[in-house]
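Reader: I'm new to this one. Can we walk through it?

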Amino acid sequence: MEKKLVYTGKTKDVFALENGNYLLKFKDDCTGKDGVFDPGENAVGLTIDGVGDVNLRMSIYFFEKINAAGIKTHYVSADLENTTMEVLPGKVFGKGLEVICRYKAVGSFFRRYSDYCTEGQDLPAYVETTFKNDEKGDPLVTKDGLVDLGVLTAQQYDDLKAMTQAITKIVADDLKEKGLDMYDIKFEFGYDADGKVMLIDEIASGNMRVYKDGQYVDPMTLNKLFFA
């Protein structure tokens, strides 16, 4: 099938397919700084052989589980030999919206709200949304802000929040079976031609904060533990 490059990203390239779908090509480039892997960084900092493959494997694993649970995603199929994933067409909200679900008060959440919580305290699948904007540090935005700015409708937000909590539970329960505790996870959502919300992008170790026996597990170690 013919494919045409439409976008070159930091960790993935995007091609348009003849059938109307898109093809994501996973790369071994990682975000980081000074040669150190950091999923929170906004620039490619290093290349790790095989990281594209393992990110695709984890994405396939969870997308198939989420689809089977009846939750809408953009996932169609994947080709491990070529490190590619075929996805449905969709649009992002605004210029890109990231959704974080938190089970523990850590990271930026704790830094912002440390007057009101202790580090690592339990959170009830707390959902927050941020605009993807490297220069502005991915600013937080509320439901009212999203609706009033015309980024999405109130119904789309409610669907997005419910889907985020349901997907997070699927991922966290799976990790728990492997003796791993998920503290938070980041997703991206978009919508189809009918305005229906769907999970897009990937579900990889670099998008989640995971601990084992109280110790942080870095993404590359997490990959090894997950597929052990």
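Author: We'll take one lysine, then some aromatic rings. This is a predicted model, where local features need pLDDT of at least 70, side-chain atom pairs count only at pLDDT 80 or more, and totals for chains, interfaces and linings use all residues. Residues are numbered from 1 along each chain as its sequence is written, and side-chain values use heavy atoms, with hydrogens and water left out.

Reader: Where is Lys-27 found?

Author: In the loop between strand S3 (22-26) and strand S4 (29-33). Strands are DSSP runs of E, at least two residues, numbered from the N terminus.

Reader: Is Lys-27 buried or exposed?

Author: Lys-27 counts as buried, at 18% relative accessibility. Buried means under 20% relative accessible area, exposed over 50%, partly exposed in between, with a 1.4 Å probe and protein chains only.

Reader: Which side chain makes a polar contact with the side chain of Lys-27?

Author: That of Asp-13, at 3.0 Å. A polar contact is a pair of N or O atoms within 3.5 Å; within protein, one must be able to donate a hydrogen and the other to accept it, and residues adjacent in sequence count only if both atoms are side-chain atoms. A polar atom of the Lys-27 side chain also lies 2.8 Å from the backbone oxygen of Gly-9.

Reader: New topic. How many aromatic pairs are there?

Author: The count is 11. Rings of Phe, Tyr and Trp (its six-membered ring) pair if their centres lie within 6.5 Å; planes under 30 degrees apart count as stacked, over 60 as edge-to-face and the rest as tilted. Tyr-61 and Phe-62 form an edge-to-face pair, 5.1 Å centre to centre with 85° between the planes.

Reader: Which of those two is buried?

Author: Phe-62, at 0% relative accessibility. Tyr-61 is partly exposed, at 30%.

Technical notes: Helices (H or I, at least four residues) and strands (E, at least two) are DSSP runs, numbered from the N terminus.
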